[in-house]
Amino acid sequence: MSSLDLTRLAFVRRLLVARGPQLAVQLALLAGLLIVILAGLLGTPVGSRNPATVLVWIAWWAALMLAFVPWLGRSWCSVCPLPLPGEWLQRGALLAPRGRGLGLGLRWPRRLRGMGLQNAAFLLVALFSLPVLTQPRLTAALLLGLGLLAIATSLVFERRAFCRYLCPVGGFIGLYAQAAPVALRVRDPRLCATHAPKTCYVGSAHGYGCPWQAYPPSLTTNVSCGLCLECLRTCPYDNIGVFLRPPGEDLRRAWRSLGEALKSLILLGSALVYAVVLLGPWNGIRSAAVHVGSAEWFAFAVAFLAVVLGVVPGLFLLAVRVASGPRAESGDALRRLAPSLVPLGLAAWAAFSVSFVLANISYIGPVASDPLSLGWNLFGTAGVAWSPLGGGWTFWLPPALLAGGLAWSSHRIRRAADGLQGGLRLAAPMLTLALTVSVGMLWVFVG
Amino acid sequence: MPSLPASLRRTIGPFALAGALILPAAVPDGQAAAPRVLRMEARDFAFFPSSFAVDVGDHVTIELTSSDTVHGLHLEGYDVSLTADPGRPARVSFRADRPGVYRMRCSIPCGPLHPFMAARLRVGPPRPFAFGLALLALAVIAGGFALYRRPPAGSSP
């Protein structure tokens, strides 16, 4: 299907290639990150009054799940403040290349490549997420810890190893960025084949080699492209563009590794568990999730891991096996069918986020106006009272999002099943699985 | 009577089926109104019990008792609110004239888990869930069947 090369528009290209606008946004977000960490450590411990919890878990999370990821792919990664200090130290520069920076520049160990560490990091954060979500100090400690880890990683390893292999949110964003209608790709791969210096990968006087350790001509999905735009700056032939394309183009391909499939199932299961814990009417589950270290919490942790690592992947394997027989476990059917669940996973997270954010969005005004609880009223919203945006048409927003994701996933399942020559016989168990997970989410929203 | 083209029938048919699933859920029922008192306790960032069901038209009184600190209760969709000090039950009454599922949330910041302190009130039969099920069935039908066209041979899946 055709796509529109946005960088053919001169002003778009100028805006993206220039370092100034990107740096301005990065600096603003870095300042925001520092304020959030300080406020979290020193400010009020009341979560609904502290910027650490309100700006991160309501404002940022809503922006990430409802704007950045579904529409702009990994664009958040291009301005994320967490890896910036480490990257600047590593480069010895804020802007264009200027000599050598600090750090050992080691290659990331081969056996640690892949998605294992990112999956583990996500699960680790997820297990402690309820205390982190609600306690400003823990939110600040998490952000500070991730920032320091990013700096340390940049000083030991080359490029953005933290973002590529460790960031707990990075894998999440990368997976769902495949559904986005924006992608950076090479215009003519044949031209790249004749270009020996490979400046997009090794860098030049105009920019850095791909910080994400990707070779742009080989990019077929958004998973490992952080949209940092360095390759736009280093390609001497202007052979790289940012394209507007039909959503979900990346999902037409079979995934290369089963790690990606596992990640998508972990995240789908996690959306279900999060909705049950945070939005459901089950006080006991919520209480267990927050009392870290108690017997109830250990039971919650075991149940959580059982659902995301056992039940959901198990149902997926079962669905594929029922449809195509034992041979399916050899991998081909798994790798082809797993991407079909990405739209449903994205919709499940969006539905969960909408439901959570609408109820709590009115906390943003007072916190933004008085981030340090010093009696300020920067935007005139310091006195805005809490008023949840619930009921009415918003009640149906989560189910509608869920239904949209399910429809899209159903379409992809049929496509993948046809591609495997399995037709409806292969698609039916997967459609049943997608519907089952959706019904579970629906019960939490409107049951 | 001229018949519709086969492709159009194939597209419309599943939607008509889903509509048939939805319509029965939309038909109102005729229940007699009754006074209902919902007694709730607020403590440890939770409402006990956390789930209620009343009939459409019932005259509902919510009686909230707080056992630890000041808690509020805001019923979404009805814009009904009350605040309960510890040991001093608070009441509010309203007519449950709008069917659906509504969340009741704590409206007074009471501690770390305050944003998740919620309960649920269902007014009338569980129609929202039935609607939702029909919506999901429609989604599978639309995405997997009605709007699906097999790609031409030789094209990428």
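In chain B, 4 strands make up an open sheet, ordered β2-β1-β4-β7, and their pairing is mixed. The model is a predicted one. At the edges of this chain B sheet stand β2 (46-48) and β7 (90-95), and each of them pairs on one side only. Direction ignored, neighbouring strands here are turned by 25° against each other on average.

Look next at one pairing inside that sheet. Strand β1 of chain B covers residues 35-43, and strand β4 of chain B covers residues 59-66. The two run parallel and are joined by 8 bridges. One point to find on screen is V37(B), whose bridge partner in β4(B) is T61(B).

Strands of a sheet pair through backbone hydrogen bonds, and the pairing can be parallel or antiparallel. Follow β2(A) to its partner, strand β5 of chain A, residues 240-244. These two strands pair in the antiparallel sense over 5 bridges. V182(A) stands opposite L244(A) in β5(A).

Now turn to where the chains meet. How many residues does each chain bring to the contact? Chain A gives 51 residues and chain B gives 39 residues. The size of an interface is often given as the accessible area lost when the parts come together. Chain A and chain B bury about 4,000 Å² between them. Carbon and sulfur atoms account for 66% of that area.

Which elements supply the chain A side? Those that give two or more residues to the side touching chain B are α7 (129-134), α14 (258-279), α15 (283-290), α18 (342-360), α20 (397-419) and α21 (423-446) of chain A. α20(A) gives the most, with 13 residues. By residue class, the side of chain A that touches chain B divides into 29 nonpolar, 14 polar and 8 charged.

What about polar links across the interface? Between chain A and chain B, 9 residue pairs are in polar contact, with both residues at pLDDT 80 or more. How many salt bridges does the rule find across this interface? The count is 0 between chain A and chain B. The chain A side does hold 8 charged residues, yet the rule finds 0 salt bridges across to chain B.

Terms used. Residues are numbered from 1 along each chain as its sequence is written. Chains are lettered from A and ligands numbered from 1 in the order in which they are written. This is a predicted model: local features need pLDDT of at least 70, side-chain atom pairs count only at pLDDT 80 or more; totals for chains, interfaces and linings use all residues. Side-chain values use heavy atoms; hydrogens and water are left out. Contact means heavy atoms within 4.5 Å. Buried area is the accessible area (1.4 Å probe) that two parts lose on being put together, summed over both. A salt bridge is a side-chain nitrogen of Lys or Arg within 4 Å of a carboxyl oxygen of Asp or Glu. A polar contact is a pair of N or O atoms within 3.5 Å; within protein, one must be able to donate a hydrogen and the other to accept it, and residues adjacent in sequence count only if both atoms are side-chain atoms. Ala, Val, Leu, Ile, Met, Phe, Trp, Tyr, Cys and Pro count as nonpolar, Asp, Glu, Lys and Arg as charged, and the others, Gly among them, as polar. Two strands pair if DSSP finds at least two bridges between them. Axes are lines fitted to C-alpha atoms, for helices over the stretch in contact, and angles run from 0 to 180 degrees between N-to-C directions.
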